[in-house]
Amino acid sequence: MTTTPPQPPHNPYPAQPGGYGPPPEQFPQYAGQPHEHQGPPPPQAPYGQPFDQGQQFGQPPFQPQFQPQAAPMGALQCRFCGSFPAVPATVRGHMGLLILMRFLKLEGPFCRTCGIASVREMTAKSMWQGWWGIGSAIINPFVMLSNIGPWKKFNELPEPAPGAPGRPMDPGKPLFKRPAVLGLLVPVLVLAAIVIGNLTTTTSSEAKAGDCVKNAGTISKPDVKVVDCGSPDAEYKVLGRVSSSVSSLCDQYEGATVTYTEERRSTGYTLCLGPK
Ligand SMILES: [Zn+2]
């Protein structure tokens, strides 16, 4: 291929039906020339290079003398750059938006380069945008794993034949060299936060006089937890604790307005609670 300065990365998302014939400004070998190509360029090699099929870009594709490496009859061509060989595949991504979910889908056929570029881009997107919602966090791993099949297919393809009507996408960096890979830590961190939150919450069975508690459940199905008395969550103060499920024993504690009884098989206890 011709050596060209770095190109702006292609955005793989906009639908590019056909996608043939990129805008001439993408081809800096023509920089300084009018962008309208009225006729075929001189057939000699520009800049002393051997004439490269890549110089085809911008040419009307129907000029047979400049149409080397045309896709064989019936061969699949890449939907994005028109090159071949190409394979049909669907590359997926996922975005979780708390309640909404967005399923991203890019359908081929893809050449090797456009295919790998799409898998990387879509999976990178899922890695950090795919977790935000309970449903999404469950779905996202499957969406990302579903790209492994297409990715293998693309890797088995040879490089696109030169002379494609369009320019293949920029595959960019491998996934594990992109910052998006840090998004894989999101579910790990959320799980860790839940586990730590549960481990550090003290249940009512350890409550003693002087502690403060909150009811994380409802009145009919209470879930009493010990909380810091200074925290805004604190609802009641434990005035006393009796090792019995007889709540009337709380009468001995002045100011006890609420009782919380937990019954076990043989033992039980009652917390006598007053206003904080
Ligand atoms: Zn392509």
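Serine 244 counts as buried, because its relative accessibility is 18% and the cut-off for buried is under 20%. The model is predicted.

**Serine 244 and its surroundings**
- Serine 244 sits in a loop, with strand 8 (236-242) on one side and strand 9 (258-263) on the other.
- A polar atom of the serine 244 side chain is 2.9 Å from the backbone nitrogen of valine 246.
- When neighbours within four places in sequence are left aside, the contacts of serine 244 are Leu249, Gly268, Tyr269 and Thr270.

**A charge over a ring**
- Tyrosine 269, one of the residues in contact with serine 244, has arginine 241 over the face of its ring.
- The distance from arginine 241 to the ring centre of tyrosine 269 is 4.2 Å.

**Aromatic pairs**
- Two numbers describe a pair of aromatic rings: the distance of the centres and the angle of the planes.
- There are 2 aromatic pairs in the structure.
- One of them joins phenylalanine 80 to phenylalanine 110; the centres are 5.3 Å apart, the planes are at 25 degrees, and the pair is stacked.
- Phenylalanine 80 belongs to the segment before strand 1 (86-87) and phenylalanine 110 to strand 4 (residues 110-111), so the pair ties together parts 30 residues apart in sequence.
- Phenylalanine 80 is buried, and so is phenylalanine 110.
- Through ring pairs, Phe80, Phe110 and Phe154 are linked into a cluster.

Note on methods:
Residues are numbered from 1 along each chain as its sequence is written. This is a predicted model: local features need pLDDT of at least 70, side-chain atom pairs count only at pLDDT 80 or more; totals for chains, interfaces and linings use all residues. Side-chain values use heavy atoms; hydrogens and water are left out. Helices (H or I, at least four residues) and strands (E, at least two) are DSSP runs, numbered from the N terminus. Buried means under 20% relative accessible area, exposed over 50%, partly exposed in between (1.4 Å probe, protein chains only). A polar contact is a pair of N or O atoms within 3.5 Å; within protein, one must be able to donate a hydrogen and the other to accept it, and residues adjacent in sequence count only if both atoms are side-chain atoms. Contact means heavy atoms within 4.5 Å. Rings of Phe, Tyr and Trp (its six-membered ring) pair if their centres lie within 6.5 Å; planes under 30 degrees apart count as stacked, over 60 as edge-to-face and the rest as tilted. A charge sits over a ring if NZ of Lys or CZ of Arg is within 6 Å of the ring centre and within 35 degrees of the ring normal.
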